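Here are my notes on the structure you sent. They are set out as numbered points, in the order in which I would raise them with a colleague.

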Amino acid sequence: MTIFKQRRLPWLGLMIATLLCGVCSLSAQGVEAKQAIGKLKVSLIFGTDGDADVAGKNLKIISGAQLKEIKFAHYRLMGEDTQSILKRYVNWANPIKGSKQILVSFQPSGKPVGGTLKVDLELWQAQKKIMKSGVTLKKGKPLYVQGPAWRGGKLIIAVELLELK
Amino acid sequence: MKEPNKELLTSWLDGKLEEDELRQMEAWAMDNAGDLDNEFKCDIGWDALNDDYMASVPKSEEPPYPEFFNSKLEQAIMAEPQGVEVSSTSAPVSVTGSLWQKLGITVMPAAVAAAVAFYAGMQMKATDRDASELMVEVIYVPDENVQAEVSDNLEVTEIVLDGLTPISDDFDMNVSSVPAESDAGVFRVMVSQDGDNVFY
């Protein structure tokens, strides 16, 4: 019995070592997956040709000079959220604090190349996905998505790559 | 024939040799291909001129010493019609065919394949470049009543979604204008219920 126990000990040690190696490997992969490769800002903008104050008082007035297709007379910044882009995670941005009415999820689908990053981007409205797209984000070149109507105008989701490592 | 000096080799490569000199040089070249490789540092070897060799050439690199081969093949091709004419005069060169004419016959398919592969590679690179400049590759909208239009220029990319369910005017976007600590940025589980994607 004693001999049997003695023989089992090396095997037990080997099994424990293998398990530890596996745990270490998974841990390392987890750390790599959580590696931030950049920063992304999601802004929610209200665009209207009517009275922009219906969106709220004292909202930041922003310019829509860049916009060609999403053209309105007035734009107001409703909120914004800046998030790190984690390497292999689905990241979420919530431009309206305290509400999940509009959410944006994004996950890198490749490595940064020449100042650009491909991401799988999803827009969510009232907890339902309304759009999914593979987009290439480039620093200094924002993506604007004209979303749902609200109070006589449209909600515009702006996605901007701020930083890329 | 003894090992040719550099001048003779250069003349041969330039297609300046004729008759006896040419035949001797080509006979030497057939027997001393390895030496020729070393001399010109082209690291090819005649035996390697086949599909395996072409397959081993990395796509990102040009085949080594392309001008040399191209020029010699060109010379062989140009010489071929003359060879037919010359054969009527029973010139020895036309009967045996030059080394490069032989190589032209054996290498031609590989050369054509290489040219096609090279061209295809260039096209693929061009396509990749175009794809990287295209900011929106594909748009999926779960609701069939929603239309998506993309506009892209140097400064901005725009997507217009038409047909989305409007948000109730009663909904107050400024319900929490105080920048609360964002709970976003954390991955969450998404499940599908009856075809709808629901966020938890």
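1. What share of the 200 residues of chain B count as buried? The figure is 10%. The model is a predicted one, and the points below should be read with that in mind.

2. The secondary structure of chain B consists of 7 helices and 5 strands. Read from the N terminus, the order is α-α-α-α-α-α-α-β-β-β-β-β. Among contacts in chain B with a separation of 6 or more, 39% are between residues 24 or more positions apart.

3. Next, the contact between the chains. On one side 49 residues of chain A take part, and on the other 44 residues of chain B. Strands of chain A that each supply at least two residues to the side touching chain B are S3 (74-86), S4 (91-93), S6 (116-125), S7 (128-138) and S8. S7(A) gives the largest share of that side, with 9 residues. By residue class, the side of chain A that touches chain B comprises 23 nonpolar, 17 polar and 9 charged residues.

4. The largest nonpolar core contains 45 residues. Val104(A), Tyr144(A), Val145(A), Ile156(A), Ile157(A) and Val159(A) have the most contacts inside this core. Strand S9 (residues 153-164) of chain A gives the most to the core, namely 6 residues. As general background, nonpolar side chains in soluble globular proteins tend to be buried together.

5. Apart from neighbours within four places in sequence, Val159(A) is in contact with Leu40(A), Val42(A), Val104(A), Leu121(A), Leu137(A), Pro142(A) and Leu143(A). Val104(A) is also listed among the residues with the most contacts inside the core.

6. Two residues have a backbone angle to check. Asn58(A) is not a glycine, yet has a positive phi of about 60 degrees. Asn58(A) sits in the loop between strand S1 (36-48) and strand S2 (60-61) of chain A. Asn58(A) counts as exposed because there are 8 C-beta neighbours inside 10 Å, and the cut-off for exposed is 12 or fewer.

7. The other is Arg151(A), also a residue other than glycine, with a positive phi near 50 degrees. Arg151(A) is in the loop between strand S8 (143-150) and S9 of chain A. Is Arg151(A) buried or exposed? Arg151(A) is buried, because 21 other C-beta atoms lie within 10 Å and the cut-off for buried is 20 or more.

Definitions and conventions. Residues are numbered from 1 along each chain as its sequence is written. Chains are lettered from A and ligands numbered from 1 in the order in which they are written. This is a predicted model: local features need pLDDT of at least 70, side-chain atom pairs count only at pLDDT 80 or more; totals for chains, interfaces and linings use all residues. A nonpolar core is a set of buried Ala, Val, Leu, Ile, Met, Phe, Trp, Tyr and Cys residues joined through C-beta atoms within 7 Å. Helices (H or I, at least four residues) and strands (E, at least two) are DSSP runs, numbered from the N terminus. Two residues are in contact if their C-beta atoms, placed from the backbone, lie within 7 Å. Ala, Val, Leu, Ile, Met, Phe, Trp, Tyr, Cys and Pro count as nonpolar, Asp, Glu, Lys and Arg as charged, and the others, Gly among them, as polar.
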